[in-house]
Amino acid sequence: MITAAFEYARPGSVDEAQSLLTKYGDDAKVIAGGQSLIPLMRLRLSQPTALVDIQGIHGLKEVRRDNGSVEIGALVRHVDIQRNATLREALPILVEMANDVGDNQVRNLGTIGGVIAHGDAAGDYNALALMLDAEIVTNKRRHKASDFFRDIFTTALEHDEVVTAVRFPVSTGRFAYTKFRRRLYDWAIAGVAVQETGSSWRVGYVNLARTPRRGASVERALAGGASAADAAAESGSDIDPTGDVRATAEYKRHLAQVLTARTLEKATMAA
Amino acid sequence: MTQSVSLTINGRPREDHVEPRLLLVHYLREVAGLTGTHIACDTSQCGACTVLIDGEAVKSCSVFTVQAAGKDVTTIEGLAQEGTLHPVQQAFWNEHGLQCGFCTPGFIMAAAYLLKQNPSPTDAEIERGLEGNLCRCTGYENIKKAVRSASQAMNGGTAETSANLVGSAAAPVEG
């Protein structure tokens, strides 16, 4: 379908982007790679009256490691993550996730900032940001990931707020990510990420609730010495899936438990 | 309300006035008259509309023309150089990497990008590299054969040229 009509502007700075968003009002949207937004616009599920294209803003494409953090600019694309040597060292689980996002064509355009701002529970990076206590940096403030994802496709961003970077703690422990799907380029029907940080484990769930979820109950069980299988049995309290055309809620709960156990085993056996 | 867009298509700069909502694939086909880029699924799944922007494969049904302003777009029409088919085109011809042919331009563009990134892909890497393209005739085996053959040709091996093929077809059959 042809999208609804909109105005289009390409600001040269974050400040200019903010004033354009103020000028255009509530129904304006920021666009980066557009790989989630444009399909939604084509279905007319989203009808922004203006698009503020941030592709030309300098300084949003860098990956910087400092002290215990790695800061990833909002315009860093999936393909950039796949090829980035710093990330391979400092946050290898993100590189593994990037390898499985969409397909080459999508990875050449889609950005990490876009995934975060879109706030989709199916966005792989969102569950990782949540479970690792990442910070979402904008032109106005720093959000804790735990306060950022509010509801389905709903984040804490104000209408004139632009995501400029995402800051993750450097995470070099054992990890694994399982993305369960029917076809290679699909979103996860269910995704489970696990990352060892120090002596404990973090667990994140993709597309198993209206927002990304942290596997807090599973993490507690693991901290208490439970086996992977026993900890995985706690996954039901961490998620709240709804049925859709691809799977019933019951099946997704089953998947979450099985995949949690498998992903933990994969991570511990990889070492 | 239209906006002015300047971009380069297959090495030729052009400027047009377009509505911001005009998708790149519609611009290429309807404004620039380059109908080799096909529209099929229209929902960014099938890859029939794959083109290169600044040398990178993208689905032109999921890019607005205005986003491509200032960039270098290559379509299937721009792959052949001075009448000589690109090695990927040649390999699709030689190996018959198609059935109905509708998905072919997208597959060739995706394969050309894949081979630029990875000149000697394994079979698994070819499958992964073309995951964003669908062939509803399911002619994947010959498509993979064509990519392998193009890879060999581009790495210094020899692939038959179309002229040879036409010549041999016209030559008397032995025996």
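This is a predicted model: local features need pLDDT of at least 70, side-chain atom pairs count only at pLDDT 80 or more; totals for chains, interfaces and linings use all residues.
Tutor: Let's begin with a definition: helices (H or I, at least four residues) and strands (E, at least two) are DSSP runs, numbered from the N terminus. Residues are numbered from 1 along each chain as written, with chains lettered from A and ligands numbered from 1 in the order written.

Student: What comes just after H2(B)?

Tutor: B:His96, which takes a positive phi of about 50 degrees. H2 itself covers residues 87–94 of chain B. Chain B has six helices and five strands, in the order β-β-α-β-β-β-α-α-α-α-α.

Student: Which residues of that helix are buried?

Tutor: B:Val88, B:Gln89, B:Gln90, B:Ala91 and B:Phe92. They get that label because buried means under 20% relative accessible area (exposed is over 50%, partly exposed in between; 1.4 Å probe, protein chains only). Across chain B, buried residues make up 49% of the 175 residues.

Student: How many aromatic pairs are there over all chains?

Tutor: Three. One of them joins A:Phe148 and A:Phe149, with 5.0 Å centre to centre and 90 degrees between the planes.

Student: Why is that one called edge-to-face?

Tutor: Rings of Phe, Tyr and Trp (its six-membered ring) pair if their centres lie within 6.5 Å; planes under 30 degrees apart are stacked, over 60 edge-to-face, the rest tilted. So 5.0 Å makes it a pair, and 90 degrees makes it edge-to-face. Both A:Phe148 and A:Phe149 are buried, too.

Student: Which residues touch the most other members of the largest nonpolar core?

Tutor: A:Ile112 and A:Phe168, out of 37 residues. Chain A elements that each supply at least two core residues include strand E5 (69–73), helix H7 (112–118) and strand E10 (163–169). What makes it a core is the linking: buried Ala, Val, Leu, Ile, Met, Phe, Trp, Tyr and Cys residues joined through side-chain atoms within 4.5 Å.

Student: How do you know that this core lies between domains?

Tutor: Domain 2 (63–169) and domain 3 (175–270) of chain A both give residues to it, so it lies between them. Those bounds come from an automatic or database domain assignment.

Technical notes. Side-chain values use heavy atoms; hydrogens and water are left out.
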